[in-house]
Amino acid sequence: MMTNYQGNSSLLTLPADLDPQRLPQHVAVIMDGNGRWAQKRHLPRIMGHQQGVAALKELVRCCRDWGIPHLTCYAFSTENWGRPGLEVEFLLTLFEQVLRQELEELIREQVRLEFVGHLAALPPRLQAQIAEAVELTRHHERVWLTVATNYGGRQEIVQACQTLARRVQRGELAPEDIDETQFAQHLYTAASRDPDLLIRTSGEMRLSNFLLWQVAYAELYITDTLWPDFDRECFHQALRAFQQRQRRFGRL
Ligand code: IPE
Ligand code: IPE
Ligand code: MG
């Protein structure tokens with residue numbers, strides 16, 4: 001895959017104006033604007049999704065090269081089922097195709113893959129591929145890539161409530177024992193720390209049901225760049241903005 005950073009060797013390593021000690025340890029991305037990217041070029045929307053995969057591949061590599069250990073990306077929301085059937089079908093087929101084509105390289109590059117969302121509602125073949133990819137990469141430590149697929153923040157919270165209610169019903173847990181830590185352990189993201197930085201491309205100023213609980217104190221960065229155009233330089237700018245923020249967490 002060719003992207004325009006190639007030839008600019010400075011971006012292959014962490015840019016000098018970034019402090020390696022103050023990098024976000026977990027970056028979440030709402031990869032938005034694929035359709036508009038394609039429409040601007042008079043191409044079918046699905047070509048935007050294809051190009052979006054290339055941008056994601058590059059961002060994973062960039063995280064590896066720059067020392068950012070965890071990336072979570074929003075690939076398909078629980079609301080995206082409301083799109084025209086052909087687009088939904090294309091996206092689900094694209095996920096299968098990408099998993100098939102990229103798995104070997106992900107293994108070679110020591111990427112740990114994880115999927116969050118209501119996976120049981122995905123086509124069985126895709127579920128099987130996801131399970132295989134997760135199993136084959138679970139011991140990798142170079143970069144951790146979480147893909148939110150059929151993910152909705154509200155659905156995640158509701159399923160956590162159901163699990164907790166069942167545990168209370170079985171007498172395993174008292175209602176008073178449910179605190180923030182306990183609750184977070186019943187979310188899909190139980191194993192990971194909250195994102196420090198949330199990036200959204202294509203200029204929309206909303207969360208669209210992404211990681212509602214987890215981004216409580218994330219720094220938000222919204223760029224007009226459409227997702228397929230989001231390259232290392234765009235990520236560099238997002239990280240610069242992050243490092244200029246003063247995180248207060250409610251304190252002074
Ligand atoms: C984001 O791009 C990808 C998915 C939601 C799967 P969009 O498809 O939402 O692109 P726009 O927002 O229509 O441009
Ligand atoms: C959010 O983008 C979902 C993903 C990026 C997968 P959408 O394009 O679905 O969000 P809305 O509809 O503009 O809020
Ligand atoms: Mg969109």
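At what distance does an oxygen atom of ligand 1 lie from an N or O atom in the side chain of D32? In this predicted model, where local features need pLDDT of at least 70, side-chain atom pairs count only at pLDDT 80 or more and totals for chains, interfaces and linings use all residues, side-chain values use heavy atoms, with hydrogens and water left out. Residues are numbered from 1 along each chain as its sequence is written, while chains are lettered from A and ligands numbered from 1 in the order in which they are written.

The distance between the oxygen atom of ligand 1 and the side-chain N or O atom of D32 is 2.8 Å, a polar contact being a pair of N or O atoms within 3.5 Å (within protein, one must be able to donate a hydrogen and the other to accept it, and residues adjacent in sequence count only if both atoms are side-chain atoms). Ligand 1 also has an oxygen atom 2.7 Å from an N or O atom in the side chain of R36, and a backbone N or O atom of N34 is placed 3.1 Å from an oxygen atom of this ligand. Of the 380 Å² that ligand 1 exposes when taken alone, the protein buries 87%, with accessible areas computed by the Shrake-Rupley method with a 1.4 Å probe and, for residues, only the protein chains shown counting as cover. The surroundings of ligand 1 (residues with a heavy atom within 4 Å of the molecule) include G33, G35, R45, H49 and L91.

N34 belongs to helix 1 (residues 34–40); helices (H or I, at least four residues) and strands (E, at least two) are DSSP runs, numbered from the N terminus. With a relative accessibility of 11%, N34 counts as buried, where buried means under 20% relative accessible area, exposed over 50% and partly exposed in between (1.4 Å probe, protein chains only). Leaving aside residues up to four places away in sequence, N34 touches R45, G48, H49, G52, W227 and P228, contact meaning heavy atoms within 4.5 Å.

D32 also has a polar side-chain atom 3.2 Å from an oxygen atom of ligand 2, and the corresponding distances are 2.9 Å for a polar side-chain atom of N80 and 2.8 Å for a side-chain N or O atom of R206. Taken alone, ligand 2 exposes 390 Å², of which the protein buries 78%. Among the residues around ligand 2 are I30, Y74, F76, R200 and S208.

Helix 2 (residues 45–66) has 22 residues and should span 32 Å at 1.5 Å a residue, which agrees with the 31 Å between its end C-alpha atoms; the expected span is 1.5 Å times one less than the number of residues. This helix is followed by G67, whose phi is positive, near 85 degrees.

In helix 5 (residues 153–169), which has 17 residues, the buried positions include G153, E156, Q159, A160 and L164. Because the buried residues fall within an arc of 135 degrees seen down the axis, they line one face of helix 5, the arc being that of the directions from the helix axis to the C-beta atoms. R154 and Q169 are exposed on the other side, whereas the cover of the buried residues includes strand 4 (143–151) and helix 6 (180–184).

H186, in the loop between helix 6 and strand 5 (197–200), counts as buried at 14% relative accessibility. Its contacts, not counting residues up to four places away in sequence, are Q159, A160, T163, L164 and R167, and the side chain of H186 reaches the backbone oxygen of Q182 at 2.9 Å.
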